[in-house]
Amino acid sequence: MTTRNWQIVRRFVFVVAFVVWMCAANAAGGKNPREKMWLPEIEQFVRQDSISFPGEGKILFVGSSSIRTWKNIEDYFPGYDIVRRGVGGSHLEDIIYFADRIVFPYKPRQIVLYEGDNDLKDGFTPERFLDDVKTFVRLVELHSPGTEILLLSVKPSPSRHRFLEKYLKTNELMRTYAAGKQHVTYVDITAPLMDKRGYRPDMFRGDSLHVTAKAFRAWAEIITPYLKPRSVSMAKLVTPGSTSQTEALYANLNRMLGKNTMFGHQDDTAYGVGWEEKPGGSDVRSVCGDYPAVYGWELGGIEHNHSRNLDKVDFSLMRRLIVEAYVRGGVNTISWHADNLVTGGDAWDLKGGNVVATLLPGGEHHAEFLLWLDRVAEFLASLKGPAGEPVPVLFRPLHEHTGSWFWWGHKFCSSDEYIALWRLVVDYLRNEKGLKHLIYCYSPDRIKSPEEYLERYPGDDYVDLLGLDLYHFKGESGLSNYRECAERSLEVLREVSRRKGSKPYAFTETGLESITMDNWFTGVLYPLIEQYRPVYVLVWRNSSRIPNHFYAPYPGHASAGDFVKFKNEPLILFNGDLQTLYE
């Protein structure tokens with residue numbers, strides 16, 4: 001059976017199943033027994049639409065009284081075009097029943113659904129409610145394929161506190177379900193309603209059930225980052241005529257944004273704790289049974305035609321491992337810690353004054369720097385797949401420039417000089433060397449504001465992927481500082497992505513050296529990933545030569561069990577979880 005025929009069969013099966021569901025709902029006298037409860041309200045919506053139809057392609061907020069009582073909802077989401085259809089006291093089965101009148105006529109680009117509050121109070125089990133969620137999602141998939149659905153968590157409230165455990169279980173079921181669906185996202189809106197003392201009185205009206213305008217404002221802050229702006233178009237690569245595999249990879253990164261996060265590890269298959277250059281070797285795979293989805297590599301040393309990079313990885317081996325990762329369906333990202341051309345020292349040699357200025361056109365070392373770029377380009381061009389196609393690479397030069405530990409750091413050159421150097425690198429590789437398989441990633445270290453992030457931003461025509469490097473230092477004692485910095489920086493990253501037309505973003509480097517907290521992956525990293533959903537997160541390398549210099553667990557390490565739990569979280573993707581990214 002062809003793929004197309006199978007899709008037709010699946011749709012037919014669903015239509016039959018939905019008809020059966022509708023027949024059951026209509027069993028009482030040929031009608032849904034709950035229809036008369038809501039029909040006047042539904043007919044009012046229909047009359048309203050006949051007089052002034054709100055239009056198609058907008059964001060539809062639909063559900064029970066939490067939507068119905070959200071007056072002037074457009075004011076909470078400036079810049080977004082909203083349609084609100086709230087049916088007070090409704091169950092999700094009612095929204096499904098009337099979907100042909102209050103959902104599908106608007107052909108929404110995105111649906112924000114709030115239901116469950118009444119369903120669970122009226123005796124539905126969490127599992128039964130999840131079945132209705134699945135039915136709603138399938139109906140949307142059938143009627144409007146590709147429409148995104150935001151599932152809002154069921155809110156706790158003082159008046160229905162006795163149902164709290166059912167609400168919590170339902171929210172967990174929805175979270176897990178959404179993590180496995182391509183166009184469905186779970187959004188937790190419960191946090192603002194409670195504090196350490198319990199329910200916050202300022203968040204609930206006098207009935208202790210419905211929420212106040214203050215609560216709606218808090219919800220809007222949570223929901224807004226997930227909304228699709230008007231006329232959103234998928235971000236385009238900055239290199240015209242990129243290879244089909246590179247275009248496909250970038251399109252899939254765009255689709256993944258806000259949905260799933262790939263896990264990555266630096267030099268994963270080159271070496272690990274206690275081993276080097278072992279066929280099939282991978283500390284990550286040895287612990288959890290799968291390779292990482294993203295493989296990090298380093299070019300430092302290639303500028304001198306060295307046979308090995310600064311971490312002693314043979315470039316011929318690296319080339320083979322990059323191709324193997326690509327054939328496996330994984331993603332390769334490459335950084336370049338270029339040496340200091342003025343002093344002859346390494347990337348961390350901060351002597352020599354303004355090194356960046358000497359590399360620009362007219363600078364003392366400009367010609368030599370172009371020779372270095374020739375050698376970088378030669379290696380990148382040598383990465384070929386089984387059919388001779390160039391292997392796509394996320395290329396990440398001149399990173400962590402907001403710090404001052406590299407010669408290109410912010411204390412050693414002006415913003416204009418840094419931007420000029422970045423543009424020189426990109427223009428030379430894509431124009432002079434003709435490389436069409438690179439995705440350029442801009443990745444500063446910790447930042448406090450979008451303005452700081454963009455201070456040295458080379459421009460939308462020179463950056464494909466937005467990144468962030470940020471490490472956790474000092475274990476437990478440094479935890480609060482890491483969380484605070486990571487949350488602030490990732491929030492900035494997400495905001496910049498929105499400003500830049502939803503360019504994809506990634507947590508390009510992070511980790512806790514020696515993993516001195518056994519629950520670091522599920523207790524520290526995962527909550528950040530769950531909240532901000534970068535397209536990938538990469539932890540640094542597991543050195544085979546430096547004691548206690550590792551960032552992923554190895555067999556027998558105390559964090560191994562926690563890492564397996566992290567790996568099994570539905571929104572986290574390892575190599576085996578990837579669909580075809582290059583088609």
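A: First, a term: two residues are in contact when they have heavy atoms within 4.5 Å of each other. With that in hand, look at contacts in the protein between residues at least 6 apart in sequence: 75% of them join residues at least 24 apart. Keep in mind that this is a predicted model.

Now the overall build. The protein has 20 helices and 18 strands. Its radius of gyration is 26 Å, close to the 25 Å that the globule rule gives for 583 residues, so the protein is as compact as a globular protein of that length. Along the principal axes, the C-alpha atoms fill a box of roughly 85 × 55 × 45 Å. Of the 583 residues, 59% are buried. The protein exposes about 23800 Å², with carbon and sulfur atoms supplying 51% of that.

On to the pocket you asked about. The second largest pocket holds about 720 Å³ of space, and 30 residues line it. Go to its centre and the residues lying nearest are E148, K228, N254, R255 and L257. Several elements give two or more residues to this lining: the strands β4 (148-152) and β5 (184-187), plus the helices α11 (244-256), α18 (479-499) and α19 (520-532). Of these, α18 gives the most, with 3 residues.

Conventions: Residues are numbered from 1 along each chain as its sequence is written. This is a predicted model: local features need pLDDT of at least 70, side-chain atom pairs count only at pLDDT 80 or more; totals for chains, interfaces and linings use all residues. Side-chain values use heavy atoms; hydrogens and water are left out. On a 1 Å grid over the protein atoms alone, a cavity is a set of points where a 1.4 Å probe fits but cannot get out, and a pocket is an open set with protein on both sides within 12 Å along at least five of seven lines; lining residues have an atom within 4 Å of a point. Grid points are joined across faces, edges and corners, and a volume is the space filled by probe spheres set on the points. Helices (H or I, at least four residues) and strands (E, at least two) are DSSP runs, numbered from the N terminus. The radius of gyration is taken over C-alpha atoms; the globule rule is 2.2 Å times the number of residues to the power 0.38. Buried means under 20% relative accessible area, exposed over 50%, partly exposed in between (1.4 Å probe, protein chains only). Accessible areas come from the Shrake-Rupley method with a 1.4 Å probe; for residues, only the protein chains shown count as cover.
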